[in-house]
Protein chains: 2
Amino acid sequence: MSSSSPDIATRGAGGLAPSAASGAPVEADLGWALGVVFRQYAKAAAAALDGLPGGPRGYQVLATTNAEGPKRQLDLAAQLGVDRTVMTYLLDDLEKAGLVQRRPDPADRRARLIAPTDNGYEALCDLERRLRATEDEILGILDESERASFRVLLQRLAMKANAVDPLHNACVLAEADDPAST
Amino acid sequence: MSSSSPDIATRGAGGLAPSAASGAPVEADLGWALGVVFRQYAKAAAAALDGLPGGPRGYQVLATTNAEGPKRQLDLAAQLGVDRTVMTYLLDDLEKAGLVQRRPDPADRRARLIAPTDNGYEALCDLERRLRATEDEILGILDESERASFRVLLQRLAMKANAVDPLHNACVLAEADDPAST
DNA sequence: TATTGTTATACTCTATAACTATA
DNA sequence: TATAGTTATAGAGTATAACAATA
């Protein structure tokens, strides 16, 4: 037993066929590639968002409240897929930085409506510019048509994934009733 | 990213989502799609690897040592992009589960060579089957030629990303000397 | 009694440093 | 002195539970 590993004759294995017990390297794996690209993007995005309280999440709060209007903390937390307690800390930091404000909800005195301040809006515009640059950097080696193809395919996969597990949503607003879940 | 497995599963810090100051639609955001698909895969993979010590990382250890032969802990850690201390804990669990074994390196009495046991090899075969099913599930809505295109494009992006930041590597064997980093 | 938001606590993962045994 | 591996400790991030105010 021990020396297990069988002959490692065949390697290479194009981009498909993840198999490994047969000797194929890990990088032929979809998961591996997905992880590498994702982490690369996450790292670049974090750098582009440096200084923003909460990093990527801070951006999400700014972008969402700006695009969809003032939102209650709980709804915002649900949309972003984070716990409400996390949202409290996140908003504390963003508010301290003068990027968002908490206003009382006229319809429910328990709730607070979150909205970006003028400074928050300006910061958002700048952040979006940086993020677009980050995307171009990631897709750098692909030519125009390839980028388009990749975006379309990825988009379709994302829409599908989102439909299966509507957790990290950003547009599902109305359909509040959704029995299917984890 | 994360339940029982960090690496791939990590939540938070990930893909951004909404966009808006300029009015661009959410679906056009690369980060959002990347994050959704990645997390979907991570979640499915974690489920497929349920019970395996270390989750995705445990799988990587098994796959890599099986495909490339016995490796020293430090080299393995560098390839997988994890700290050597993490590797110690990970191998402790995998060894306890009887999936890998630590053998003394004849060439250096300080080092230990990691290799999968027969049980580890069998487990790997089963895990790969499950991961392939997971991939098919993720790519479900794409037809054959689309899947091929997506894999190829993603692979190219991953190779590029890996070249820029050779951290989570899995194939760089010969060019062991690579001081360049962050 | 249920819900919004806050706070306090515990748990997980990771990062740093110190230690041993070899080189 | 430097390196392979181990161990211990501290930190960030997250989840859980309890609390006050309101519905």
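How many residues lie between S2(B) and S3(B) in their hairpin? The structure is a predicted model, and in it two residues separate S2(B) from S3(B).

Over residues 1-20 of chain A, pLDDT stays under 50. For that stretch the model has 50 contacts beyond four places in sequence. Residues 168-182 of chain A also have pLDDT below 50. This second stretch has 15 contacts in the model beyond near neighbours in sequence.

The secondary structure of chain A consists of six helices and three strands. Read from the N terminus, the order of elements is α-α-β-α-α-β-β-α-α. Of the 182 residues in chain A, 43% are buried. Among contacts in chain A with a separation of 6 or more, 44% join residues 24 or more positions apart.

The three strands of chain A form an open sheet. Their order is S1-S3-S2, and the pairing is antiparallel. Strand S1 (71-72) and strand S2 (100-105) of chain A stand at the edges. Each has a single partner strand, so one side of each lacks a neighbour in the sheet. S1(A) is joined to strand S3 (residues 108-116) of chain A by two bridges, in antiparallel fashion. Opposite Arg72(A) stands Leu113(A), in S3(A). Helix H2 (residues 56-68) of chain A packs on this sheet. H2 touches S1, S2 and S3 of chain A, and its direction makes about 100° with that of S3(A).

Chain B also holds an open sheet of three strands, in the order S1-S3-S2 with antiparallel pairing. Here strand S1 (71-72) and strand S2 (100-105) of chain B are at the edges. Each pairs with a single strand, so one side of each is left without a neighbour in the sheet. Two bridges connect S1(B) and S3(B), which run antiparallel. Within S3(B), Ile114(B) is the bridge partner of Lys71(B). Ile114(B) is also the bridge partner of Arg102(B). S2(B) and strand S3 (residues 108-116) of chain B pair over six bridges, again in the antiparallel sense. Gln101(B) has Ala115(B) in S3(B) as its bridge partner. Helix H4 (residues 84-96) of chain B lies across S2 and S3 of chain B. H4 runs at about 115° to S2(B).

The largest nonpolar core has 90 residues. Leu34(A), Val37(A), Leu34(B) and Val37(B) have the most contacts inside this core. Helix H1 (residues 30-48) of chain B supplies its largest share, 13 residues. In soluble globular proteins, nonpolar side chains tend to be buried together. Val37(A) reaches across to chain B, where Leu34(B), Leu154(B), Leu157(B), Ala158(B) and Ala161(B) are its contacts once neighbours within four places in sequence are left aside.

H1(B) is largely enclosed by the rest of the structure, because 18 of its 19 residues are buried. Its length also agrees with expectation. At 1.5 Å a residue, H1(B) should span 27 Å, and its end C-alpha atoms are 27 Å apart.

Methods:
Residues are numbered from 1 along each chain as its sequence is written. Chains are lettered from A and ligands numbered from 1 in the order in which they are written. This is a predicted model: local features need pLDDT of at least 70, side-chain atom pairs count only at pLDDT 80 or more; totals for chains, interfaces and linings use all residues. pLDDT is the predictor's confidence in each residue, from 0 to 100. Two residues are in contact if their C-beta atoms, placed from the backbone, lie within 7 Å. A nonpolar core is a set of buried Ala, Val, Leu, Ile, Met, Phe, Trp, Tyr and Cys residues joined through C-beta atoms within 7 Å. A residue is buried if 20 or more other C-beta atoms lie within 10 Å of its own, exposed if 12 or fewer, and partly exposed in between; C-beta atoms are placed from the backbone. Helices (H or I, at least four residues) and strands (E, at least two) are DSSP runs, numbered from the N terminus. Two strands pair if DSSP finds at least two bridges between them. Axes are lines fitted to C-alpha atoms, for helices over the stretch in contact, and angles run from 0 to 180 degrees between N-to-C directions. The expected span of a helix is 1.5 Å times one less than its number of residues.
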